[in-house]
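Subject: Structure handover

Hello,

Here is the structure for you to look through. Please open it first, then read the notes below.

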Amino acid sequence: MVVGLVITFFFLLLLLHNYSKAIIWIAMTLQFLSYLGTGIGGLKIFNIVVAASILLFFVNKKKISQDPYPKPLVYGSVLFIFSFLITSYSSGWMSLPTVISNIMTYFLFPFLLWKSIKSSKELNLAINIFYYVIAIAIFWGIIEIILRRNVIFEVVESIFVLEDFTINADTIRYGVKRCNSFFSYFSTYGVATFIAFIVFFTKGRWFPDKKHNYVALSILCIIAAF
């Protein structure tokens, strides 16, 4: 519980100190660990810092990118939110706080991330953080395959309160353990590494001097997704 609160306060302070940089760090780290709880009343760390970032947006409007949010994303988000509200209401299975939380994290936070990437400097920061996060995830995935045990997730379970669906998989497929590294589920790990493959492959084409690093990690991403 203490660790969850410490991390929450750290990101809240970072939001107050440097809003755009904090949004990028939250997007590239906490977003992949959205199952981590503060230890208080079922509140997730990610949801708390996203709510704070939405409130602080109005204070930092002049410090962020003034580029308009792409219209396809606006139309898609509005349509998706409308459909989400209708289906949630008609099915009756989702509570109002959960609906509000999902709208904030799925639709409003991506808008904040877009606005926080003001130049190539912020874009490079985001990709570089993502690079190391995925590299660490793949490293622990390899350890998980060797040991046939998810040591890192066991540590996470012991020091955090988990507030979302998680599986520490122990099943074997094609002779290999199904891995989720520090992600909540093996499917989540696969999706993240496949998206990372696309990002790093493209990044390697942009920067030939670092191409070998990105190509190597791209190959590992495909193996991790498999």
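A pocket is found on a 1 Å grid over the protein atoms alone: it is an open set of points where a 1.4 Å probe fits, with protein on both sides within 12 Å along at least five of seven lines, and its lining residues have an atom within 4 Å of a point. This is a predicted model, where local features need pLDDT of at least 70, side-chain atom pairs count only at pLDDT 80 or more, and totals for linings use all residues. Residues are numbered from 1 along each chain, and side-chain values use heavy atoms, without hydrogens or water.

**Pockets**

The largest pocket is lined by 40 residues. Q31, F32, S34, F46 and Y106 lie nearest its centre. Helix α5 gives the largest share of this lining, 10 residues. Helices here are DSSP runs (H or I) of at least four residues, and strands (E) of at least two. The lining of the largest pocket divides into 26 nonpolar, 11 polar and three charged residues. Nonpolar covers Ala, Val, Leu, Ile, Met, Phe, Trp, Tyr, Cys and Pro; charged covers Asp, Glu, Lys and Arg; the others are polar.

The second largest pocket has 19 lining residues. Among those nearest its centre are K177 and I223. Its lining has 13 nonpolar, three polar and three charged residues.

**Salt bridges**

How many salt bridges does a search of the whole structure find? It finds three. Each is a side-chain nitrogen of Lys or Arg within 4 Å of a carboxyl oxygen of Asp or Glu.

- E144 pairs with K177, with the closest N and O atoms 2.6 Å apart. E144 sits in helix α6 and K177 in strand β4, 33 residues apart. Both are buried (under 20% relative accessible area, with exposed over 50% and partly exposed in between, using a 1.4 Å probe and protein chains only): E144 has 0% and K177 has 3%.
- D164 pairs with K44 at 2.8 Å. D164 lies in the loop between β2 and β3, and K44 in the loop between β1 and α3, so the pair ties together parts 120 residues apart in sequence. D164 is partly exposed at 38%, while K44 is buried at 17%.
- E154 meets R149 at 2.9 Å, N to O. E154 is partly exposed at 27%, and R149 is partly exposed at 47%.

**Back to I223**

I223 lies in helix α9, residues 211–225. Is I223 buried or exposed? At 55% relative accessibility, I223 counts as exposed.

Best wishes
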